[in-house]
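Hello,

I am passing this structure on to you. Please open it alongside the notes that follow.

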Amino acid sequence: MKYVVAGAGGVGGSIASLLADKGMNVTLIARGRHYEKIKEDGLLFRRSGMDDVLLKPMPVMTADEFIEAGERPDVIFLCVKGYSIGEMASFLKQAAGPDTVIIPVLNGIRMAEKVRRAVPDAFVADGCIYIYAKREAPGVIWMQGDILRIVFGADIPDIDTRKLEAISADLKDGGINADFSDNIFRETMKKFSYVSTIGAAGLYFDETAESFQSGGAHQSFFNDLVREILQLAEEMGIQYDFDLVAENQRIADSVEPDATTSLQRDIAGGGRSEFDTLIMDPVRLGEEYGLEMSLYREVAERFGKL
């Protein structure tokens with residue numbers, strides 16, 4: 001199958017690197033200096049504890065170049081920030097053919113619904129990824145730790161799952177732990193319960209992962225944020241048969257101590273961030289379901305959003 005990975009940051013760059021390294025047909029959509037560097041010198045994929053991999057040449061195009069080429073991929077992994085969905089709508093509408101599967105791996109609640117509203121005629125699945133990675137420099141992707149898992153599926157009645165299962169097999173061949181889920185909303189909410197809470201806690205205290213691995217008030221704050229999301233999930237009809245707080249703490253403990261979240265890095269850099277998706281959406285949903293979400297409101301108030 002022909003894959004397109006739209007978004008060349010830590011998530012998209014890692015997926016594209018791993019698939020390309022196994023010889024799969026993948027094109028990376030990038031822009032700016034990052035695009036230029038990849039086109040000129042290839043894509044350097046660095047992974048802690050493993051040898052660096054230089055993918056040269058790495059098939060890379062801008063969104064406009066891909067549209068002009070008139071190609072129709074089998075799969076598009078959408079790996080941008082949630083606030084960029086609107087900006088990507090035109091590309092998705094023109095790039096996706098009638099048999100293309102779009103899989104957004106975005107941080108947020110019900111993000112596939114937002115993509116479907118932007119691209120109503122396309123087949124949009126849903127997905128999430130567990131990963132710590134970032135664009136270290138133009139042409140360089142750095143993946144930290146050993147967390148790497150993609151879960152995807154589609155909450156659509158009577159869906160033919162054969163293509164989704166084939167995608168899962170390709171991802172596994174690329175060294176990515178991939179699971180096809182028949183309850184993807186439950187899975188994306190589980191992922192959100194980590195990325196949102198660790199982002200909120202890291203931002204609130206301006207601390208690295210180590211601060212949430214050693215007990216004390218910071219770790220307790222992180223765990224209590226997870227409990228607020230768990231309460232929200234229950235109100236939305238989602239039940240978990242395991243301790244979600246303990247599971248998220250296990251993930252936090254496995255991260256390299258000096259790691260920070262993309263939310264922290266984006267806000268520190270003064271650029272656009274996922275604050276609205278990761279912090280304000282839980283506040284708004286809390287109001288909708290009659291929940292206080294007191295810690296989320298505390299984070300929002302500290303940054304002048306309430």
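The largest pocket has a volume of about 1400 Å³. Keep in mind that this is a predicted model. In all, 47 residues line the largest pocket. Nearest its centre are Gly-9, Gly-10, Cys-79, Val-80 and Lys-81. Five elements to look for: helix H1 (10-21), helix H4 (85-95), strand S9 (126-137), H7 and helix H10 (262-268) each give two or more residues to this lining. S9 provides the largest share, with eight residues. By class, the lining has 25 nonpolar, 12 polar and 10 charged residues.

Next, two helix pairs.

H7 (residues 184-205) packs against H9 (residues 244-254). Their axes are 10 Å apart, at an angle of about 55°. H7 is therefore oblique to H9. The crossing of the two is right-handed. From H7, Lys-190, Ser-193 and Tyr-194 take part in the contact. They meet Leu-244, Glu-247, Asn-248, Ile-251 and Ala-252 of H9. This contact counts four nonpolar, two polar and two charged residues.

The other pair is H8 (residues 216-235) and H12 (residues 294-302). Here the axes come within 8 Å and cross at roughly 115°. On the H8 side, the contact residues are Phe-221, Asp-224, Leu-225, Glu-228 and Ile-229. On the H12 side, they are Ser-294, Leu-295, Tyr-296, Glu-298 and Val-299. Sorted by class, the contact of H8 with H12 has six nonpolar, one polar and three charged residues.

Best wishes

Definitions and conventions:
Residues numbered from 1 in each chain as written. Predicted model: local features only at pLDDT ≥ 70, side-chain atom pairs only at ≥ 80, totals over all residues. Heavy atoms only, no water. Axes fitted to C-alpha atoms, helices over the stretch in contact; angles between N-to-C directions. Helix = DSSP H or I, 4+ residues; strand = E, 2+ residues; numbered from the N terminus. Contact = heavy atoms within 4.5 Å. Nonpolar A, V, L, I, M, F, W, Y, C, P; charged D, E, K, R; others polar. Parallel < 35°, antiparallel > 145°, perpendicular 65-115°, else oblique. Left-handed = near helix turned anticlockwise from the far one by under 90°. 1 Å grid on protein atoms, 1.4 Å probe; cavity = no way out; pocket = protein on both sides within 12 Å on 5 of 7 lines; lining within 4 Å. Points joined across faces, edges and corners; volume = space filled by probe spheres on them.
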